[in-house]
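Please read this briefing alongside the sequence and the model. It is arranged by topic.

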Amino acid sequence: MSILEGLNPEQHAAVTHGEGPLLILAGPGSGKTRVIAHRIAHLIDEGGVAPGRVMAVTFTNKAARELRDRVEALLGSLARGITLGTFHAVCARILRVDGEQIGVPHAFVIYDDSDQMALIKRITAELSLDPRQHAPRAILSVISRAKSELATPTAFAEGVSSYFEEVVARVFSRYEALLAENAALDFDDILVKTVTLLRDVEAIRDRYQERYEHVLVDEFQDTNVAQYVLARLLAPPPAANICVVGDPDQSIYSWRSADIRNILNFERDYPKTRVVRLEQNYRSTQTILDAAQRIIAANRERKEQSLWTEKGRGDPIVVYEAYNEEEEAAFVAGEVRRMAREGSHLGDVAVMYRTNAQSRALEERFVAERLPYRLVGGTRFYERREIKDLLAYLRLVLNPFDSISLGRVLNVPSRRIGDRTQQELSAWAQSLGVPAYTALQMLAGSGEAPRDSEAQPPRLLSILDAPVESPFATPAKAALLGFLSLLNELIAEAPVLTVSRLLTLVIERTRYRDYLTDQFPVDGDERWENVQELRNVAAQFDELEPEQALMRFIEDVALMSDTDEYDEKIDAVTLITLHAAKGLEFPVVMIVGMEEGLLPHIRSFDDPAQMEEERRLCYVGLTRAKDRLYLLRAFRRALMGQGSHNPPSRFLKDLPPELVHQAQQNVEGAYRRPTARQRQPAWSTAASVASGRPSEGSHGPQAHPERFQSSEGSHGPQAHPERFPSNQGSHVPEGHHERVWSDEPQPRALAALFAAGEHVRHARFGEGIVVTAAATASGADQEVTVAFKGEFGVKKLLLSFAPLERLDHH
DNA sequence: CGCCGTACGGTTTTT
DNA sequence: CCGTACGGCG
């Protein structure tokens, strides 16, 4: 097959552009992955470029696999020589080879989000910061952004402009020191250290610049500063062969420090850039495209882009207003069933949502109906407790200085090393200025050191031989030494074991299976299955030499989200967040939760830039659909246990009516009332006459005939008494009857609105003054910021939650 | 001092 | 609803 066959003129230009910088502005569904693949193939096949001299960087591992598959289809095994992967994967590989030149430990471990949080929490405790005032999550986010912009703690400290940033600067500096002590890199480090390496070590920079004749970057709108600097180091301006592909309208990762300015700066940094626009859409119907463009057109910060298709109008967009999230899920399931009956595959359908929590209602319905589904994201395999525990043991074998992993498994399974002893250990280690592992060795004294010189555990200092005063009581000391000798045994055995054998050894020595059965009587078996699955994954590395294998296994696990990993062969409906759906396409897309507060998310309300990003996110969702698009919203929705009512999304209002079909309830999706176990509204006693449990098949459209005459506002608590029969037949545990549930915002919230300047009293926080008071999206509640006297300071409170009363003020 | 139960507070998106 | 914080018990 010819590489240039079947390309349209725009695509042809992008594929055949030879030397020099190239910017491809690729609209959704414009065949951009195909263009990149063909461009690579063309360079190699026609331009005589050696595969080893091409680097292609993608955003996800999945995209990397897809690209490799496409290139392989064009070039065969030649494609194997190409350097192809995510920025993080490519950089990690570079650091393993050359990182030691700038002091990166060869056996570094990678800290993920939860490891970072653990580190930050340890530091805030060390500095005795109040987590209420200085939320670890907020601190980490500032640090991460600073790092992605290549700031050092010193540089950051010089630029602080608030007390909070001052605090962050102190944490930042300690954070970096601890990462170094633990021989760990966080996600940002993987990029930052590679930048440092290429920037500071000329010989290495020259080597990589020479090696990579062509650099390609996909999803360029979502790169951060470090990534762009890295790309420039590999392909220096003004004339290098760099090809970046992106779409500013699909930039949805600014919260992860993606910097949309990169795409704007590109033409400035590479003045000879050739710009190619791919505007023909091969994916969606004209109707879907029109709707998407109408939504994105409302953004002010954007360049005009006009998409077109030859695909024809297709079906109208189906808009459906469900009563609540359960009925929303029921409608989804009903439509899926109907389509399946009409010959569609379940795999053709994706259900998309803004937040992971929204998958719950869908899953429950799918399980109840025995509809196969595939949940992308959610609690990821590698985030499961049992998996993290065992990986922590393996990480310790590779790098015992990793004190986060050490802290994780020091008492798992229980060795009777409690909080007190653990705190004592880290304080003691800190006072000695050594990692926890070294402190343990010192505790053991020189007699503990293994005889086998080849398998000697790493040592930092020669102080080990000196006698030490430790703060531990005898039982605590014995327990700690027990752990140390276990760890040293694992370290000693590791060099001659495959990864899967090592894992087995860990499981045996820790009696991990017994631990699971004892501690998790309900789901212990399921957890054990996960452990076995982990062993299967580990076995894939058994061919390699042991140290390499262990390193690669742990690294792959850290850099691979299993969003990338799902099995596409099973015919199942895909449940996925809008973010994770980027780059994918489906014949049928159903977006649920088209509501103010959800999409756009409430956190974007006070920032126009963030609001524009929500709009782009919505645009990304719409443009995933090839043939049919459903937009759903629920009239009521339980969010975090509280009932709430969200108005329809502003994005729905942007849709031209002629593109939309307002759906009525489908028969299959007929709403079944909540089961007795579910929450019971406050007025249920008044409605307890309602019929009992719906028998199978008794459901139907008649269940609530009067709904939705008007979509807004008129529904009081009594509007649907029949759908909330009493919890007849259910068992309400003693003591629970006092609890009043309501699906409505509390009336008292409406009765007691506050205004700025008023004096108030909170049951716990005492007296204070209202700083700001703003209605929430629903209008039925208020978010009040109060400055309290005394140690509590400024707090944001939701009126419907907070026991807040007005004080008379003179 | 460690473990287990209950209360409480926070709540987006992920390489 | 879920994970963390705290308090009582062994």
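The points below cover aromatic rings, a helix contact and backbone exceptions.

This is a predicted model, in which local features need pLDDT of at least 70, side-chain atom pairs count only at pLDDT 80 or more, and totals for chains, interfaces and linings use all residues. Residues are numbered from 1 along each chain as its sequence is written, chains are lettered from A and ligands numbered from 1 in the order in which they are written, and side-chain values use heavy atoms, leaving out hydrogens and water.

**Aromatic pairs**

- Rings of Phe, Tyr and Trp (its six-membered ring) pair if their centres lie within 6.5 Å; planes under 30 degrees apart count as stacked, over 60 as edge-to-face and the rest as tilted.
- The count by this rule is 17 aromatic pairs.
- Tyr 253 and Trp 255 have ring centres 5.4 Å apart and planes at 40°, so this pair is tilted.
- Tyr 253 is buried, at 9% relative accessible area, while Trp 255 is exposed, at 53%; buried means under 20% relative accessible area, exposed over 50%, and partly exposed in between, with a 1.4 Å probe and protein chains only.
- Tyr 512 and Tyr 515 also form a tilted pair, with 5.2 Å from centre to centre and 50° between the planes.
- These two tyrosines, Tyr 512 and Tyr 515, are 3 residues apart in helix H22 (residues 512–519), so about one helical turn separates them; helices (H or I, at least four residues) and strands (E, at least two) are DSSP runs, numbered from the N terminus.
- Tyr 512 is buried with a relative accessible area of 0%, and Tyr 515 is buried with 11%.
- One aromatic cluster is formed by Phe 220, Tyr 228, Phe 266 and Tyr 270.

**Charges over rings**

- A charge sits over a ring if NZ of Lys or CZ of Arg is within 6 Å of the ring centre and within 35 degrees of the ring normal.
- Arg 256 lies over the face of Tyr 253, 4.4 Å from the ring centre.
- Over the face of Phe 520 lies Arg 527, at 4.0 Å from the ring centre.

**Helices H6 and H8**

- Helix H6 (residues 136–148) packs against helix H8 (residues 163–181) at an angle of about 70°, and the axes are 10 Å apart; axes are lines fitted to C-alpha atoms, for helices over the stretch in contact, and angles run from 0 to 180 degrees between N-to-C directions.
- H6 is therefore roughly perpendicular to H8, a term for angles of 65 to 115 degrees, with under 35 roughly parallel, over 145 roughly antiparallel and the rest oblique.
- Residues of H6 including Ile 139 and Val 142 meet residues of H8 including Phe 172 and Leu 179, where contact means heavy atoms within 4.5 Å.
- The residues of this contact are 12 nonpolar, no polar and 2 charged; Ala, Val, Leu, Ile, Met, Phe, Trp, Tyr, Cys and Pro count as nonpolar, Asp, Glu, Lys and Arg as charged, and the others, Gly among them, as polar.

**Backbone exceptions**

- Most residues other than glycine have a negative phi, and most peptide bonds are trans.
- The bond from Pro 237 to Pro 238 is cis, with omega near 5°, and Pro 238 lies in the loop between helix H11 (225–234) and strand S7 (242–246).
- Leu 599 and Pro 600 are joined by a cis peptide bond with omega about 5°.
- Glu 219 has a positive phi of about 50° and is buried, at 9% relative accessibility.
- Arg 370 has a positive phi near 55° and is exposed, at 74% relative accessibility.
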